[in-house]
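Please read the following points with the model open beside you, and turn it as you go.

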Amino acid sequence: MSEIAAGGTRPAWRSTAGAEAGMGRAAPDARRLLQLALAGLWLLDGVLQYQAFMFSKGFSDMLAGSAAGNPGVVARPITWDAALVGHHLALLNALFATTQLLLGIGIAWRPTVRVALAASVAWSLGVWWFGEGLGMVLTGDVSPVDGAPGAVILYALLAVLLWPADRG
């Protein structure tokens with residue numbers, strides 16, 4: 001019979017320091033788990049933004065297409081943005097994808113969660129306008145079945161709802 005089995009001592013690879021340190025840390029609450037889910041969504045968005053299609057003319061065409069049917073005050077900035085992206089496609093798309101990855105990392109890393117959630121709201125509103133044409137809600141010919149009001153506006157709503165509560 002081994003010394004560990006007989007004496008009930010802990011093997012060296014399971015030191016008591018690690019076990020005691022783990023006991024002092026509380027399990028994440030529901031708010032933190034939802035923050036991590038939002039971080040995962042931003043990371044997934046960032047990874048998908050790095051797809052080859054997003055570095056093609058199709059990306060700027062897709063952006064320009066979201067201007068159709070919107071009032072001029074909404075459509076003109078979208079058209080301007082699509083033209084700018086079309087002229088500097090690789091640089092701007094890489095910047096967009098990296099921003100989304102950084103938002104995910106920032107929300108996941110506890111010391112930067114507040115800054116990242118605030119940036120998430122701002123980025124979401126920009127993407128909702130310039131990338132989704134305000135979810136096409138002003139076109140008058142849209143329904144939730146078609147994807148209205150757009151997914152990214154829900155990211156902004158989640159970021160606001162998941163703002164960290166002050167701890168005592």
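1. Read along the sequence, this protein follows the pattern α-α-α-α-α-α-α-α, and the predicted model accordingly holds eight helices and zero strands. Of the 168 residues in the protein, 29% are buried.

2. The largest nonpolar core has 19 residues, and the members that touch the most other members are Leu38, Trp42, Ile107, Leu117, Trp128, Val152 and Tyr155. Two or more residues of this core come from each of helix H3 (30-49), helix H5 (72-87), helix H6, helix H7 (113-130) and helix H8 (152-161), and H8 gives the most, with five residues. Apart from this core lies another one, of eight residues, among them Ala82, Val85, Leu92 and Phe96.

3. If its neighbours within four places in sequence are left aside, Leu117 is in contact with Gln35, Leu38, Ile107, Ala159, Leu162, Trp163 and Pro164. Two of these partners, Leu38 and Ile107, are also named among the core residues that touch the most other members.

4. Helix H6 covers residues 89-108, and with its 20 residues it reaches 29 Å from its first C-alpha to its last, close to the 28 Å expected at 1.5 Å a residue. The buried residues of H6 are Leu89, Leu92, Asn93, Phe96, Ala97, Gln100, Leu103, Gly104, Gly106 and Ile107. What covers these buried residues includes H3, helix H4 (57-65), H5 and H7.

5. Not counting residues up to four places away in sequence, Leu103 touches Trp42, Ala116, Ala119, Ser120 and Trp123. Leu103 and Gly46 are 57 residues apart along the chain, yet their C-alpha atoms are separated by 9.0 Å.

6. Leu102 has a relative accessibility of 55% and so counts as exposed, because the word applies over 50%. Together with Leu43 and Ile105, Leu102 forms a nonpolar patch on the surface, and the accessible area of these three residues together is about 270 Å².

7. Which residue forms a salt bridge with Lys57? The partner is Asp61, and the closest N and O atoms of the pair are 3.0 Å apart. Under the rule that a side-chain nitrogen of Lys or Arg must be within 4 Å of a carboxyl oxygen of Asp or Glu, the count comes to one salt bridge. Both residues lie in helix H4, four residues apart, which is about one turn of the helix. Lys57 is exposed, with a relative accessible area of 57%, whereas Asp61 is partly exposed, with a relative accessible area of 41%.

Terms used
Residues are numbered from 1 along each chain as its sequence is written. This is a predicted model: local features need pLDDT of at least 70, side-chain atom pairs count only at pLDDT 80 or more; totals for chains, interfaces and linings use all residues. Side-chain values use heavy atoms; hydrogens and water are left out. Patches are made of residues with over 30% relative accessible area and no salt bridge: like charges are joined within 9 Å, nonpolar side chains (Val, Leu, Ile, Met, Phe, Trp, Tyr) within 5 Å. Accessible areas come from the Shrake-Rupley method with a 1.4 Å probe; for residues, only the protein chains shown count as cover. Buried means under 20% relative accessible area, exposed over 50%, partly exposed in between (1.4 Å probe, protein chains only). A nonpolar core is a set of buried Ala, Val, Leu, Ile, Met, Phe, Trp, Tyr and Cys residues joined through side-chain atoms within 4.5 Å. Contact means heavy atoms within 4.5 Å. The expected span of a helix is 1.5 Å times one less than its number of residues.
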